[in-house]
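Let's walk through this structure together, from its overall layout to a few individual residues. Have the sequence and the 3D view at hand as you read.

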Amino acid sequence: MKKCLWLLLAVGGMSFFGQAAKAADAPVDADGDGISDAQEISVFHTDPVRADTDGDGYDDRTEIFNGYDPNGPGRRAFSKSIFINVSKQVLEQRVNDVPFASFPVSTGTLRRPTPQGNFKIIAKTPRAWSRVAGLWMPHWMNFSGVGAPISRFGIHELPEWPSGKKEGASSLGKPASHGCVRLGIGSAKALYDWTPVGTVVVIAKQ
Ligand SMILES: [Ca+2]
Ligand SMILES: [Ca+2]
């Protein structure tokens, strides 16, 4: 019995030190607002030890993400961008190149891959019809640039067939589309509402 107790303590100790080592690798975020000290100082010029720099009741992260000035009243247009990692099948919402949120996506298959490169959102529509695939694409945002002709590729919610059948969320996290970038219910609308036309979209393998 005593031996078992020592074993438990040893395993618990290893786990504790494992977590400590992991925490040491993570960037320091003294005020716990989700933005590292280094990013607060060099990118957003906010107070790294005060989550709500201007004391208006909204933390810095919330203000920056939603386009408000974290250092005072009013709005401030930080630079929003969308980054899609086709290897990990993840989409990130970035502000001044700092990742703020991420969602699993489904990009194109090997036969019909999603183009990689730097693009821009050129149009948005709440519900678009794909003549090629014969399906509806809710929360459609068309991105275009070199390798992505106008009206060909977009970011949108899981598609729906005219019968009303909707693509299952189980396809998220792996390539399954005809080249578009599919998002789940909820995340597609959140991204649609957050993204202005003109937003840069970067698609890469890593
Ligand atoms: Ca912080
Ligand atoms: Ca604030």
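Two residues are in contact here if their C-beta atoms, placed from the backbone, lie within 7 Å. With that in mind, consider how the chain folds back on itself in this predicted model: of the contacts in the protein with a separation of 6 or more, 52% are made by residues 24 or more positions apart. Of the 206 residues, 27% count as buried.

Before going further, a word on confidence. The mean pLDDT of the protein is 90, and 88% of its residues reach 70 or more. Residues 1–21 are another matter: their pLDDT is below 50, and beyond near neighbours in sequence the stretch has zero contacts in the model. Where pLDDT is low, the predicted coordinates should not be read in detail.

Now to the architecture. The protein has four helices and eight strands, and along the sequence they follow the pattern α-α-α-β-β-β-β-β-β-β-α-β. The eight strands form an open sheet with mixed pairing, in the order β3-β2-β1-β8-β4-β5-β6-β7. Why do β3 and β7 (181–183) each have one side left without a neighbour in the sheet? They stand at the edges, so each has a single partner strand. From one strand to the next, the twist averages 30°.

Strand β1 (residues 80–85) pairs with strand β8 (residues 200–204) in the parallel sense, over five bridges. Within this pairing, I82 stands opposite V201 in β8, and S81 has V200 as its bridge partner. Strand β4 pairs with β8 in the antiparallel sense, over four bridges. Here K120 stands opposite V200, the residue that is also the bridge partner of S81. The two faces of β8 can be told apart as well: V201 and I203 make up the covered face, while V200, V202 and A204 make up the uncovered one.

What packs on the sheet? Helix α4 (residues 187–194) does, touching β2, β3, β4 (117–130), β5 (135–145), β6 and β7. The direction of α4 makes about 45° with that of β5. Looking into the helix itself, you will find A188, L191 and Y192 buried. Seen down the axis of α4, these buried residues fall within an arc of 100°, so they line one face of the helix. The elements that cover them include β2, β4, β5, β6 and β7.

The largest nonpolar core has 21 residues, and F143 and I155 touch the most other members. At least two residues of this core come from each of β1, β4, β5, β6, β7, α4 and β8, and β5 gives the most, with four residues. Take F143 as a place to look around: leaving aside neighbours within four places in sequence, F143 is in contact with residues including F119, I121, F153, I155 and V201. Apart from this core lies another, of seven residues, among them I64, F65, F78 and V95.

Is V98 buried or exposed? It counts as buried, because 21 C-beta neighbours lie inside 10 Å, where 20 or more are required. Setting aside neighbours within four places in sequence, V98 is in contact with I35, Q39 and V43. The C-alpha atoms of V98 and F44 are separated by 9.9 Å, although the two residues are 54 residues apart along the chain.

Finally, have a look at the backbone. Most residues other than glycine have a negative phi, and most peptide bonds are trans. N96 is not a glycine, yet its phi is positive, at about 50°. This residue is found in the loop between β2 (90–95) and β3 (98–104), and it is partly exposed, with 14 other C-beta atoms within 10 Å. S151 also has a positive phi, near 70°, in a residue other than glycine. The place of S151 is in strand β6 (residues 148–157), and S151 counts as exposed, with 12 C-beta neighbours inside 10 Å.

Methods:
Residues are numbered from 1 along each chain as its sequence is written. Chains are lettered from A and ligands numbered from 1 in the order in which they are written. This is a predicted model: local features need pLDDT of at least 70, side-chain atom pairs count only at pLDDT 80 or more; totals for chains, interfaces and linings use all residues. Two strands pair if DSSP finds at least two bridges between them. Axes are lines fitted to C-alpha atoms, for helices over the stretch in contact, and angles run from 0 to 180 degrees between N-to-C directions. pLDDT is the predictor's confidence in each residue, from 0 to 100. The arc is that of the directions from the helix axis to the C-beta atoms. A nonpolar core is a set of buried Ala, Val, Leu, Ile, Met, Phe, Trp, Tyr and Cys residues joined through C-beta atoms within 7 Å.
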